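Thanks for coming. I will go through one structure today, element by element, and I will give the cut-offs as the terms come up.

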Amino acid sequence: MNTSPAPPTSDHFDRVATAFSRKADEYDAFGDAHINLARMRRKVYDHVLRFAQPTDRILELNAGTGIDAAFFAQQGYTVHAIDIAPGMLDHLAAKIEQQHLRDRLTYQALSFTEIDRVEGGPFHYIFSNFGGLNCIPDLSLVTRHLPKILVPGGRLTWVIMPPVCPWEIALLLKGKVRIATRRLRKGGTLAHVEGVRFMTYYFTPSHVLKMLGPDFQVQRLEGLSVFTPPADRINFPRRFPQLYRTLVRIDDALSPHAPFNRWGDFFILTAQYTPHAG
Ligand SMILES: C[S@@+](CC[C@H](N)C(=O)[O-])C[C@H]1O[C@@H](n2cnc3c(N)ncnc32)[C@H](O)[C@@H]1O
């Protein structure tokens, strides 16, 4: 029996593209002003830089405005970035010009469910940051294409929102049951972005690994913002600086270790593609 969720409709993808295109103009400024989000991005970079080899050609899924694509291109990697939101890609294109990255950073308007049509493959590294992959109900729509576009021995690092976010669950103590349990709902959660509604879905690391299949072996798994507040609590570090610093210390110490490495606002999973090793 096929138990895969129904594939998203083109209307779903249109909504996602519209929502993020509307968000694009304010996206970078929001991140720049966000102390904990900036810290989370640095942790993602530290994680990837442990594994990426200097000559790697990176494919970035759901690249958004290209913050990470530009960062990795600046580090000397060759990067091809894809996204479905034209408004986000306009900002990525502007970064290429402003930072003189034409020889190292290219882009394509493409859904990650269609990466069999990606230009310039195969790649050594497939990167996805900050929950773009939470916008589809069925990760096999992406994982089924990987053997065609990832070289044997290549890696992926995916940053995905899990169902268990201790900060949100703690909101039960304040009686905020809807927010506290939103990630745990079967069938996904309705997101509201810039007046557009679309479904989002939360995945455990085990589920992601199941979707990747036995040819992928975990190399590192860590929680991202397990004890520090999630991305929507932008003011917390400024309002409670001392508490925030304490939480950062706890977060840094515990988030790489089980069970905390499966929890958080996100988790960072790196796996290596070794066909037939599993
Ligand atoms: C929260 S933003 C993250 C952007 C970027 N990775 C970052 O770290 O700033 C999510 C991005 O996922 C993109 N996205 C969602 N569904 C997608 C799909 N099916 N294919 C490609 N991109 C998608 C959105 O357009 C948006 O730019």
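On the numbering, residues count from 1 along each chain as its sequence is written. This is a predicted model, in which local features need pLDDT of at least 70 and side-chain atom pairs count only at pLDDT 80 or more, while totals for chains, interfaces and linings use all residues. Helices (H or I, at least four residues) and strands (E, at least two) are DSSP runs, numbered from the N terminus.

Staying with α3, residues 67-74, the buried residues are Asp68, Ala69, Ala70, Phe72 and Ala73. Buried means 20 or more other C-beta atoms within 10 Å of a residue's own, exposed means 12 or fewer, and partly exposed lies in between, with C-beta atoms placed from the backbone. What do the buried residues of α3 pack against? They pack against β1 (57-61), β2 (78-83), α4 and β3 (105-109).

Next, strand β4, residues 123-128. Of its 6 residues, 5 are buried, so β4 is largely enclosed by the rest of the structure. β4 pairs with β1 in the parallel sense over 4 bridges; strands count as paired if DSSP finds at least two bridges between them. In that pairing, Leu61 stands opposite Ser128 of β4. β4 also runs parallel to β5, residues 150-160, with 5 bridges joining them. There, Phe123 has Leu150 in β5 as its bridge partner.

Now helix α1, residues 10-32. It has 23 residues and reaches 32 Å from its first C-alpha to its last, close to the expected 33 Å; the expected span is 1.5 Å times one less than the number of residues. Where is the kink in α1 centred? On Ala24, and the kink is about 60°, the bend being the angle between axes fitted to the seven residues ending there and the seven starting there. Ala24 is also buried, as are Val16, Ala17, Ala19 and Phe20. The buried residues of α1 pack against α4 (86-98), β6 (189-193) and β7.

That brings us to Val196, in strand β7, residues 196-200. Is Val196 buried or partly exposed? Partly exposed, because 17 other C-beta atoms lie within 10 Å. Leaving aside neighbours within four places in sequence, Val196 is in contact with Arg15, Thr18 and Ala19; contact means C-beta atoms, placed from the backbone, within 7 Å. Finally, Val196 and Phe123 are 73 residues apart along the chain, and their C-alpha atoms are separated by 33 Å.

Notes: Contact = placed C-beta atoms within 7 Å.
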